[in-house]
Amino acid sequence: MAGLIVRRVFQLVLLLIGISFIVFMSMHIAPGDPASIIGGPTATQEDVEAIRENLGLNEPLLTQYFDYLRGIFTGDLGFSYQTKQAVSEAIINRFPNTLNLAIASIMVAIVIGVTTGIISALKHNTWFDGLSTVIALGGISIPNFWLGAILILIFGVNLQWFPVGGLTEPFWTIEGMKQLALPAITLGTGSAAMIARMSRSAMLEVIRADYVRTARAKGVREKSVIMMHCLRNAMIPVITVIGLNFGFLLGGTIITESVFAINGVGRLMIESIAARDFPMVQGSVLLVATLFVLVNLIVDIVYAFIDPRISYE
Amino acid sequence: MAAEVATQQLPAHKKKKEVALLKTWKRLIRNKMAIVGLTIIALQLFMALAAPIIVGVDPNKQNLELSELPIGTEGHVLGTDNYGRDIWSRIVYGARISLLVGIGAVSLGLVGGVILGLLSGYYRRLDGIIMRFVDLMFAFPGILLAMLIIAILGTSLVNVVIAISIWSIPTCARIVRGSVLSIKKQEYIMAMKSLGASDLRIMFKHVLPNCAAPIIVFATMRMATAILSTASLSFLGLGAQPPTPEWGAMIAAGQEYMWTSPHMIVVPGIAIMLVVFAFNVVGDALRDALDQGMSLDK
Amino acid sequence: MEKKWFTSLLTVLFVLSLALAGCSSNSSSGGSSGDAKQELTYATTSKVVGLSPILTNDSVSSTVIEQIYETLFVRNSKGEIVPHLAESYENPDENTWVIKLKKDIKFHDGTPFHAESVKYTFDKLKDPATAAPRASLLAPVSSIEVQDEHTVVLKTEKPYGPMLAALTHSNAAIVSPTADKKQDLMKDPVGTGPFKFSEKVNGDDIVLVKNEDYWQKPAKLEKITFTVVPEVSTAISMLQTGKVQLIDALAPELMPRLEKIKNVETQKVDGTPVYYLAFNMEKAPMNDLKFRQAVSHAINREGYLKKLNGLGVYSNSFIGPEVFGHPKDDKGPKFDQEKAKELVKANGFDKKEIKLLVANTASYMNMGEVIQAQLKEVGIPAKIETLEWGTYLDVSKTGDFDITIAGWSNVTGDGSELLFPRLHSANIDATNLSRYKDAELDKLIDQSRSVVDQEQRLDILANADEYVMTQLPVLPIYHGIASAAYDKSVKGFEMEPTGQWSLYGVHRE
């Protein structure tokens, strides 16, 4: 296990260097000059040139990149071109909001997804199974910005059950739950559907497996067959899907945060790309990529615990 | 020698394949959901091909006097938008765009994914590098990757197609690699190799056709994702150029009118949902049908 | 049994996520509740870049800056320029501005406001090392001298007519020199205004509190919060549910919804911005006057205004009705589709496709779609190309387009401040998007800037405008209206034509 972690962390470092290079280069290749954005439409050429010089954008590209890389290794993510705020500070301010949203959404997704998935598998080919399959497929087919807008319209404005936007409290407080309810449903629906489908098919496969038949034949009670033999084995692929979806959710927050006025890292990314605020884009992309890799590492470790047959040596 | 072996095998192989295809099709249409999905796709295809015949109205023809008419108005079955354009005709022409974007993005992505997947599954030496590259692309949130690509290339539908296709390369590469790894070990491939058939020939003539099933399923499901992603990018203002009647762009534009003319977002929203739903359902059913086919053939 | 399994799974997940979130979540202070007395929350679509008037140049930042800092002069509700931090001014000669300052004014940090503060602020704004985005505002000023504690003297090389207008600009607001030397004003601003900075909460929300030691009567509001809500429709929902009390710069398509909401009032004030088409004068066929006339006749501007739900003013002039220098009579081309068609036919303008460059913000895209459709009606094929704002700024300045949709908010409200940046040949490759180079217009603009007598300036500007409307390097589509929507409990709110506002006189009932 220790070997696995060391190897993965090493891979993560390489991966992050690769990502930082790609992001750095693509931001610099992309048309649009951060200095003219700061200057705005009213700026003269001299104004813009002075800002460029001030930001160090006149240095050679590779010098800029290596300066940046050196900064990362000393824990310095640089300063925002626009607000002059430290990138690390800006990210730390926003990250709790994104994490709150992502966790709330994955919880919504797991509860809905695993429950319906297992019940449909146990009641294979009944009306419940059919209905939940249709709903699950519908769930992945809804554009989530559309769902968000419609939820706001119904539950925020007409019924006034939930606030229409903003996130100021963590998810375990009552106020936080209220604030998160609509965004978490918006973001979690797609994942819930995927998890439901995966749980259903994994469960079906396990139910038909030989050892389950054997257990049944031996006269083990139905409930304990399901609990002891099926669930445990069916959970393995489901956990992969949950892990993958968590990464997917982190990306999905980009749109959901905009719709629900949540001040998170996703929105920071959109704003920074639009403003060509290179250090801010870099910092937030690196954070999301790191999280994605870490979540997958955790998934692998959880695997090993659930299914002792899997080894990574 | 090798060629001879191959040609001798071919007829039998082909016949078997045809039978398998027929069986798969039969299994597919036994699935009620698949029929619903196939019908929707067929309808979309029909709308896309026959758009000018179905609607007489130019989808971009504005009439500021007749704007925001509700659903069911005479002459405008689905109402009009904020510029007084006929929504029905925009939906019909939009079917063409969403289909083209989907097909374009998926096929481009397939080409990239299949090549990477084949190479990495077939040559152990390339495997490490290619898979690290795939990991790298995986770690990017998809929408962000697309945003970066569009930031570089500029906002247009063609660039959206490119962005989405790049975004589907890693998944496709992994799927193909997986199948290649399992096929590679089968006896007849080993035999051909020892008979001196060229790698390229083996890869494209023998390995690739055997990966067809997962690739077809992937492509179908990916159509759904591609159509959804196009809509999301349009929502962020990074998609079709106005006045293109792209469904996602229609929703984005209708957002501001949601409270006074909700049909402006409801109609294209439902169109997207139906089409995406259809591709998902068919993909699902295809997978079931092909899976069973595989196990029966064994 | 099944239930038990689930509960335990959930508990594990819950604890795990608690731990995860607990590590990183620093408790943020509560959201502003709707019913609090004398408190107000304002929502904007993009974040505040920073709070230094010297280092920022975006409308969102200046909204906050307006509450914290003050300028030497301001425009009153009639549009006249009156002294504010200044007491009076005189011009001993055309190149000298002697400005007397008010006494007994203190910055929020206790530093007294006097001539040194003005000199410090203006020197810093002009210093190239500062890289101030609006350094050009005071570019004509050659020196700033302190005559005595309460008198400052600005000298120019050439007479500079719009001087007072420039001094009303929020980028020319006075900062506390002691604070600027000690701290970063972008984060920790110190001015003389009725409100002072309190804290930043929840990432980007800015909280201001009343300045008890204000040099006039203190403000009535105790606390104001500036919060970011990227989707306008969400912001309106928050206004409706009482989470937010004020939004501004309303989009026309939202007006019907806003007007239906019971607890909300809207305010519209004729404004200084102008939205127009800029023709790229260096390219054919745009350099042909007949083409520009054809386009001008093709576009039904009055019809388009109806779509704006009262958020635009029609005026067939480039210098708008609320801007200093607006001409009395209207000589510009009128909507005439037949004439446009004739011009197109006679000159073969239907052969070449025109590239219409549009920034991808909603209002510009809306305008673009209508214009493209109307050009098509008269036979001019046009293709819209939308670009992100950042790319647009660069591309529009390099002239890689045929026609583009542009806007100019004109915060100083002076016609010279529109014509000089937008049409003077000195600003090609920068703000002169039309790339217009015309000696006669250059001369008129230079005059309007160098004459100090305001009556005379008015005539010069009106003449210049008439010239623009016959040569048509630009075609004004409409003139903006400053707008805001607020909760009915908000009283005493007044917009300025520039779209800016102060919360000084506002209270809640």
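**Reading helix pairs**

Modeller: In this predicted model, helix α13 (residues 416–423) of chain C packs against helix α15 (residues 454–471) of chain C at an angle of about 40°, and their axes are 11 Å apart.

Colleague: What describes two packed helices?

Modeller: Two packed helices are described by the angle between their axes and the distance between the axes.

Colleague: Which residues of α13(C) and α15(C) meet?

Modeller: From α13(C) come C:S416, C:L419 and C:L423, and they meet C:R457, C:L461, C:A464 and C:V468 of α15(C). By class, this contact has 5 nonpolar, 1 polar and 1 charged residues.

Colleague: Where is there a pair to read in chain B?

Modeller: Take helix α6 (residues 157–184) of chain B and helix α9 (residues 212–235) of chain B, whose axes cross at roughly 155° and come within 10 Å. The angle is over 145 degrees, so α6(B) is roughly antiparallel to α9(B).

Colleague: Is the crossing of α6(B) and α9(B) left-handed or right-handed?

Modeller: α6(B) passes α9(B) in a right-handed crossing. Residues of α6(B) in the contact include B:W167, B:T171 and B:I175, while those of α9(B) include B:F218, B:R222 and B:A226. The contact of α6(B) with α9(B) divides into 11 nonpolar, 5 polar and 1 charged residues.

Key. Residues numbered from 1 in each chain as written. Chains lettered and ligands numbered in written order. Predicted model: local features only at pLDDT ≥ 70, side-chain atom pairs only at ≥ 80, totals over all residues. Heavy atoms only, no water. Axes fitted to C-alpha atoms, helices over the stretch in contact; angles between N-to-C directions. Helix = DSSP H or I, 4+ residues; strand = E, 2+ residues; numbered from the N terminus. Contact = heavy atoms within 4.5 Å. Nonpolar A, V, L, I, M, F, W, Y, C, P; charged D, E, K, R; others polar. Parallel < 35°, antiparallel > 145°, perpendicular 65-115°, else oblique. Left-handed = near helix turned anticlockwise from the far one by under 90°.
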